[in-house]
Amino acid sequence: MTVQRLQITRMLWKEGTVVSERTVSRLMKEMGIRSKVVKKYKATTNSQHNLSIYPNLVDQDFKVNARGIIWVSDITYVHTNEGWLYLATQLVIRALKRTFQT
């Protein structure tokens with residue numbers, strides 16, 4: 001039993017249409033309606049290599065004295081109607097003075 005078949009059957013019952021899950025399944029098959037299968041996450045990073053790894057110079061210490069000392073970046077993939085796009089970001093970590101009043 002697929003979740004979609006059960007959901008459609010329950011939705012029809014709420015609307016007052018008495019129908020069995022088997023009938024919903026048969027009609028879905030006849031109409032070519034299938035549930036959309038979402039692929040599981042697959043890690044694409046291969047950490048098992050002998051290539052040099054750049055050292056972590058910041059080590060989670062983001063305190064800086066001047067602008068432009070620390071730059072951080074990341075890349076990710078974004079799925080759009082046109083396909084997969086790359087999204088690259090760069091940020092400059094700079095000192096911010098904040099005064100909190102209590």
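Predicted model: local features only at pLDDT ≥ 70, side-chain atom pairs only at ≥ 80, totals over all residues.
## Contacts and overall layout

In the protein chain, 22% of the contacts with a separation of 6 or more are between residues 24 or more positions apart.

The protein chain has two helices and two strands, and reading along the sequence gives the pattern α-α-β-β. The helices are H1, residues 3–14, and H2, residues 21–31. Strand E1 covers residues 70–80, and strand E2 covers 83–93.

The average pLDDT of the protein chain is 81, and 86% of the residues score at least 70. Confidence is highest in H2, with a mean of 91, and lowest in strand E1, with a mean of 87.

## Surface and burial

The protein chain has 102 residues, and 10% of them count as buried. Its accessible surface comes to about 10,700 Å², and carbon and sulfur atoms make up 54% of that area.

## Where the helices meet

Setting aside neighbours within four places in sequence, Thr9 is in contact with Val19, Ser20, Glu21 and Val24.

Glu21 turns up again in a salt bridge, where its side chain meets that of Arg5 at 4.0 Å, N to O. This pair links distant parts of the chain, with Arg5 in helix H1 and Glu21 in helix H2, 16 residues apart. How do the two partners compare with the cut-off for burial? Arg5 has 17% relative accessibility and therefore counts as buried, since buried means under 20%. Glu21, at a relative accessible area of 22%, is partly exposed.

How many salt bridges does a search of the whole structure find? The search gives two. Besides the pair of Arg5 and Glu21, there is one in which the side chains of Glu30 and Arg26 meet at 3.1 Å, N to O. Why are Glu30 and Arg26 separated by about one helical turn? The reason is that they are four residues apart in helix H2.

Here Glu30 is exposed, with a relative accessible area of 56%, while Arg26 is partly exposed at 43%. In general, side chains of opposite charge can pair when their charged atoms come close.

## The nonpolar patch on the strands

One of its members, Trp84, lies in strand E2 and counts as exposed because its relative accessibility is 60%.

The structure holds one aromatic pair, formed by Tyr77 and Tyr86. Their rings are 5.3 Å apart, centre to centre, with 55° between the planes, and the pair is tilted.

Technical notes. Residues numbered from 1 in each chain as written. Heavy atoms only, no water. Buried < 20%, exposed > 50% of the residue type's maximum accessible area, 1.4 Å probe, protein only. pLDDT = per-residue confidence, 0-100. Contact = heavy atoms within 4.5 Å. Areas by Shrake-Rupley, 256 points an atom, 1.4 Å probe, with all protein chains shown as cover. Phe/Tyr/Trp six-rings, centres within 6.5 Å; stacked < 30°, edge-to-face > 60°.
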